[in-house]
Amino acid sequence: MVSAAARGRAGGPAGERAGTPRAISIGAVLELLRQEFPDISISKIRYLEDQGLVEPQRTASGYRKFSPEHVDRLRYVLGMQRDRYLPLRAIREHLDAVDRGLEAPVGRLRAVTADEQPRRRFTRAQLLLAAEIHDETLAALESHGLVSARPAGHFDADAVAVARIAGELAGFGIEPRHLRAFRTAADREAGLIEQVTSPIRHRGDGSVARADDVAQELIALCSRLHTSLLKVALERGQT
């Protein structure tokens, strides 16, 4: 997987991959990756390109064209962020080493096991590194209730994810103070999900696991609904 991801950097000769054409558009890449990464967006793919993690070819008209290796590389980067909480800088160093034919720094990239992941804790300094944000940004996120430390003083993986996304949004001029509406909407959606799952949790053996499964399904549906409504709103504003 790493070698395929590495080959996707400069857009060299692309091998065939089942279900993936030789050269596809950024929109097609989005649909392929969304199966595994529901929150992926075109702006995220462009951001990874800007960071030098993937270099798609361009047509004479300037349109991006991605090979199967480009898709592999993006999938690898996104997986490293999601599952191992690594900052892009560390992922870039790893892939640069592979690109140069050097031995990859495996020790730094050890996978977080399923048993370890729920207990993963981050100090403030570790969160700043993993999310690639400055302390001022984190302070602003905390002041607006978007990120908070656990009672013991550490941050969890969800806090890292929120901070990382907020950092990427900041690159477009969207500041933490602009994100309070997202927190309000999330609280309301959480209330709706809890109304559905709370009765399930009290039905007997296996009910807690079932409630968790239902909650995940509802989260995915709410995410899809939000994306669709946002697209409709943008299209409405352009007419």
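## Working through the model

**Exercise 1.** Leaving aside its neighbours within four places in sequence, which residues is Leu169 in contact with, and is Leu169 buried or exposed, or in between?

*Solution.* Start with the contacts (heavy atoms within 4.5 Å): with those neighbours set aside, Leu169 touches Ile174 and Leu179. A word on what you're looking at: this is a predicted model, where local features need pLDDT of at least 70 and side-chain atom pairs count only at pLDDT 80 or more, while totals for chains, interfaces and linings use all residues. Residues are numbered from 1 along each chain as its sequence is written, and side-chain values use heavy atoms, with hydrogens and water left out.

Next, find Leu169 in helix H8 (residues 157-170). Helices (H or I, at least four residues) and strands (E, at least two) are DSSP runs, numbered from the N terminus. Now the cover: buried means under 20% relative accessible area, exposed over 50%, and partly exposed in between (1.4 Å probe, protein chains only). Leu169 comes out at 26%, so it is partly exposed. Finally, look across the fold: Leu169 and Ser43 are 126 residues apart along the chain, and their C-alpha atoms are separated by 9.7 Å.

**Exercise 2.** Work out how many helices and strands the chain has, and in what order they run.

*Solution.* Count first: ten helices and two strands. Then read from the N terminus, which gives α-α-α-β-β-α-α-α-α-α-α-α. For the overall picture, 34% of the 239 residues are buried. Of the contacts with a separation of 6 or more, 61% link residues 24 or more positions apart.

**Exercise 3.** Which residues of helix H2 (residues 26-34) are buried, and what do they pack against?

*Solution.* Pick out the buried ones: Ile26, Val29, Leu30 and Leu33. The general rule behind that: an α-helix has 3.6 residues a turn, so residues three or four places apart point the same way. Then see what they meet: helix H3 (42-50), strand S2 (64-65) and helix H4 (68-84). Take Leu33 as a close-up: beyond its neighbours within four places in sequence, Leu33 is in contact with Ile40, Ile45, Val71, Leu74, Arg75 and Leu78.

**Exercise 4.** Which residues in the largest nonpolar core touch the most other members?

*Solution.* A nonpolar core is a set of buried Ala, Val, Leu, Ile, Met, Phe, Trp, Tyr and Cys residues joined through side-chain atoms within 4.5 Å. The largest one has 23 residues, and Val29, Leu33, Ile45, Leu74 and Ile91 touch the most other members. Two or more residues each come from H2, H3, H4 and helix H5 (88-99). H4 gives the largest share, six residues. There's also a second, separate core of 18 residues, with Leu127, Ile133, Leu146 and Val147 among them.

**Exercise 5.** Check whether the length of helix H9 (residues 180-200) agrees with its residue count, and find where H9 kinks.

*Solution.* The expected span is 1.5 Å times one less than the number of residues. With 21 residues, H9 should span 30 Å, and its end C-alpha atoms are 31 Å apart, which agrees. The kink is about 30°, centred on Glu194; the bend is the angle between axes fitted to the seven residues ending there and the seven starting there. Ile193, Thr197 and Ile200 are buried in H9, and the buried residues of H9 pack against helix H10 (207-238).
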